[in-house]
Amino acid sequence: MKKILLATATAFLMMGASAQKGIEVQETSENFSTGSVNSLTVFIPGGNVKDVTKAWEKQLKDIKGKVKSKDEIFADDCRIKKMSDNTFDVYSRVVESEGGVTVIAAFDLGGAYASSKEHGEQFPFIRDVMYEFGVQETKAAIGVVIKAEEKKLEELQKEKEETEKENEDYAKDIEDYKKKIAEAEKAIEENKGLIEEKSGEIKAQEKVVEEAKQKQKAVK
């Protein structure tokens with residue numbers, strides 16, 4: 001039990017350390033079905049591919065994308081109103097990484113993929129989508145750990161309460177035993193007097209019996 005708790009605590013601390021460094025959106029060049037294109041990536045410590053993929057597809061739908069998933073996640077005609085009324089497409093995938101998962105996304109603005117150099121006005125809005133998603137999912141991953149740790153805490157508290165109840169029962173048993181011992185010791189002392197009394201009565205009765213036997217022998 002201690003080993004399991006230690007392993008879980010270590011994993012939680014590692015996740016916490018990654019999260020405390022801050023969620024970082026990095027700009028890279030990644031390969032998609034359209035070729036090697038400018039992309040954004042965000043690492044989510046403690047995340048798992050299934051849950052993050054589901055959440056990412058919902059995120060794309062929230063920006064009005066028509067989502068299709070196969071070898072990669074494709075979202076058609078997305079729109080960020082604060083950025084522009086123009087639509088854009090998103091090519092993305094969620095991959096397992098050491099200690100979590102990484103979301104990789106390329107934003108096709110219509111002939112060109114979003115980059116900090118060429119799209120100074122639009123890029124911050126796109127970066128915010130990735131950043132806010134990274135924050136959201138990192139919190140969700142930590143939330144799963146918190147829920148599991150809270151359950152373990154409840155189990156430990158329950159075990160502690162059960163052990164305390166056992167000790168209370170043992171203490172009650174001890175008091176009962178002490179009372180019985182005291183009663184037995186008192187009875188022993190009382191019986192000692194009774195034994196002495198009976199010993200005297202036995203001697204007297206033995207004398208009576210002997211006298212009766214002597215009288216019997218005397219009869220001729």
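A residue counts as buried when its relative accessible area is under 20%, and as exposed when that area is over 50%; in between, it is partly exposed. By that cut-off, 27% of the 220 residues of this chain are buried. The model is a predicted one.

**Overall form**

The chain holds three helices and six strands. Read from the N terminus, the elements follow the order α-β-β-α-β-β-β-β-α. The radius of gyration is 42 Å, whereas the globule rule gives 17 Å for 220 residues, so the chain is more spread out than a compact globule. The C-alpha trace spans about 150 × 30 × 25 Å along its principal axes.

The chain exposes about 15,700 Å². Carbon and sulfur atoms supply 53% of that area. Charged side chains number 37 positive and 44 negative. The centres of these two sets lie 7 Å apart.

How are contacts spread along the sequence? Take contacts between residues at least 6 apart in sequence: 52% of them join residues at least 24 apart.

**The cores**

The largest nonpolar core has 28 residues. Which of them touch the most other members? They are Trp 56, Phe 88, Val 90, Val 103, Phe 107 and Met 130. Two or more residues of this core come from each of strand 2 (35-45), helix 2 (49-62), strand 4 (73-78), strand 5 (88-97), strand 6 (100-108) and helix 3 (123-218). Helix 3 is the element that gives the most, with five residues.

Leaving aside residues up to four places away in sequence, Phe 107 touches Leu 40, Phe 88, Asp 89, Val 90, Ala 112, Tyr 113, Ala 114, Ile 126 and Met 130. Another core lies apart from the largest one. This other core has seven residues, including Phe 32, Phe 74, Tyr 91 and Ile 104.

**Single residues**

Two residues have a positive phi without being glycine. Lys 64 has a phi of about 70°. Lys 64 sits in the loop between helix 2 and strand 3 (66-69). Asp 77 has a phi of about 55°, and its place is in strand 4.

Two further residues are of interest for pairs that are separated in sequence. Lys 50 belongs to helix 2. Ala 140 belongs to helix 3. Between Ala 140 and Gly 46 there are 94 residues of sequence separation, with 9.2 Å from C-alpha to C-alpha.

Methods: Residues numbered from 1 in each chain as written. Predicted model: local features only at pLDDT ≥ 70, side-chain atom pairs only at ≥ 80, totals over all residues. Heavy atoms only, no water. Helix = DSSP H or I, 4+ residues; strand = E, 2+ residues; numbered from the N terminus. Rg over C-alpha atoms; globule rule 2.2 N^0.38 Å. Buried < 20%, exposed > 50% of the residue type's maximum accessible area, 1.4 Å probe, protein only. Contact = heavy atoms within 4.5 Å. Areas by Shrake-Rupley, 256 points an atom, 1.4 Å probe, with all protein chains shown as cover. Lys, Arg positive; Asp, Glu negative; His and termini not counted. Charge placed at Lys NZ, Arg CZ, Asp CG, Glu CD. Core = buried A, V, L, I, M, F, W, Y, C linked by side-chain atoms within 4.5 Å.
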